[in-house]
Amino acid sequence: MKQAQSKKEMKLMEENEKKIILMRHDMRHFLNNILNDLENNQNEHAIEYIHTLFDAIDQTVRKKYCLNDTVNMIMTSYENRMKDENIDFHYHLDIPQQLSISDIDLTSILSNGLENAFKAVMLLENERFIELNMQEKCGKLLISIENNYLNEPIFIDGIPISKEKDHGFGTQSIAYTVEKLHGNCQFSTHQHHFKLRVVI
């Protein structure tokens with residue numbers, strides 16, 4: 001269970017990469033169809049075809065948030081979801097292309113952290129916010145995720161535990177992964193703001 005979210009994110013990333021590869025492969029066919037329409041004075045059909053092509057391309061656009069490709073793919077997935085749900089999402093990313101931890105471990109920590117924050121703010125009717133900060137200093141990766149919430153979390157041994165069945169594995173996965181990497185993680189609350197801090 002501790003890597004279920006990581007596998008889910010990796011699958012989404014792979015599917016997006018496949019879409020991009022197929023789009024590039026089929027681009028010659030798309031352009032030939034448009035050219036054929038124009039040569040036969042079927043301008044309206046050509047314009048419609050171009051708009052359809054634009055929509056398909058937009059679905060594969062991946063914004064570059066930082067130098068690290070894995071973080072970029074995770075951010076693309078979550079920022080789109082947050083926009084759809086009117087969540088005020090702020091971030092500051094200052095990390096290099098290569099990190100000292102594996103993509104699997106990075107995905108496990110970051111995806112679970114963002115997923116937990118997303119689920120927490122979705123219980124609020126309005127004024128939802130999530131703030132992410134990532135930076136590397138002196139060879140250490142620092143990750144901070146802060147969000148507001150509705151229901152006060154229950155802590156056991158410093159880790160928030162969900163009262164819902166089959167929930168709460170995300171925080172356990174983060175704690176497990178950070179401990180495995182000999183890092184430090186802290187979950188805390190203050191004035192209805194939940195904060196996760198990770199140092200690896």
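Trainee: Is His192 buried, partly exposed or exposed?

Mentor: Please note that this is a predicted model. His192 sits in the loop between β6 and β7 (193-199), and it has a positive phi of about 60° although it is not a glycine. Buried requires under 20% relative accessible area and exposed over 50%. The relative accessible area of His192 is 38%, so this residue is partly exposed.

Trainee: Which class of exposure applies to His182?

Mentor: His182 is placed in the loop between α5 and β6 (184-190). Its phi is near 60°, a positive value in a residue other than glycine. With a relative accessible area of 73%, His182 is exposed.

Trainee: How is the chain built, and what is the pattern of helices and strands along the sequence?

Mentor: The protein has five helices and seven strands. Of the contacts with a separation of 6 or more, 67% are between residues 24 or more positions apart. Read along the sequence, the pattern is α-α-α-β-α-β-β-β-β-α-β-β.

Trainee: How many salt bridges does the structure hold?

Mentor: Side chains of opposite charge can pair when their charged atoms come close. Another is Lys180 with Asp105, at 2.8 Å from N to O. A search of the whole structure gives a total of two.

Trainee: How many residues apart in sequence are the parts tied together by Glu115 and Arg81?

Mentor: Glu115 lies in helix α4 (residues 103-121) and Arg81 in helix α3 (residues 69-84), so the pair ties together parts of the chain. Glu115 is buried at 7% relative accessible area, whereas Arg81 is partly exposed at 26%. The separation in sequence is 34 residues.

Trainee: Which helices are joined by the pair Lys180 and Asp105?

Mentor: The side chains of Lys180 and Asp105 meet in a salt bridge. The pair ties together parts that are 75 residues apart in sequence, because Lys180 and Asp105 lie in two separate elements. Lys180 counts as partly exposed at 40% relative accessibility, while Asp105 is buried at 8%. The helices are α5 (residues 169-180), which holds Lys180, and α4, which holds Asp105.

Trainee: Which residues does Leu114 contact, leaving aside its neighbours within four places in sequence?

Mentor: Leu114 is one of the residues that touch the most other members of the largest nonpolar core. Beyond those sequence neighbours, its contacts are Ile74, Tyr78, Met82, Phe89, Ile130 and Ile145.

Trainee: What accessible area do Ile154, Ile156 and Ile161 have together?

Mentor: These three residues form a nonpolar patch on the surface. Ile156 lies in strand β4 (residues 154-156), and at 46% relative accessibility it counts as partly exposed. The accessible area of the three together is about 230 Å².

Conventions: Residues are numbered from 1 along each chain as its sequence is written. This is a predicted model: local features need pLDDT of at least 70, side-chain atom pairs count only at pLDDT 80 or more; totals for chains, interfaces and linings use all residues. Side-chain values use heavy atoms; hydrogens and water are left out. A salt bridge is a side-chain nitrogen of Lys or Arg within 4 Å of a carboxyl oxygen of Asp or Glu. Helices (H or I, at least four residues) and strands (E, at least two) are DSSP runs, numbered from the N terminus. Buried means under 20% relative accessible area, exposed over 50%, partly exposed in between (1.4 Å probe, protein chains only). Patches are made of residues with over 30% relative accessible area and no salt bridge: like charges are joined within 9 Å, nonpolar side chains (Val, Leu, Ile, Met, Phe, Trp, Tyr) within 5 Å. Accessible areas come from the Shrake-Rupley method with a 1.4 Å probe; for residues, only the protein chains shown count as cover. A nonpolar core is a set of buried Ala, Val, Leu, Ile, Met, Phe, Trp, Tyr and Cys residues joined through side-chain atoms within 4.5 Å. Contact means heavy atoms within 4.5 Å.
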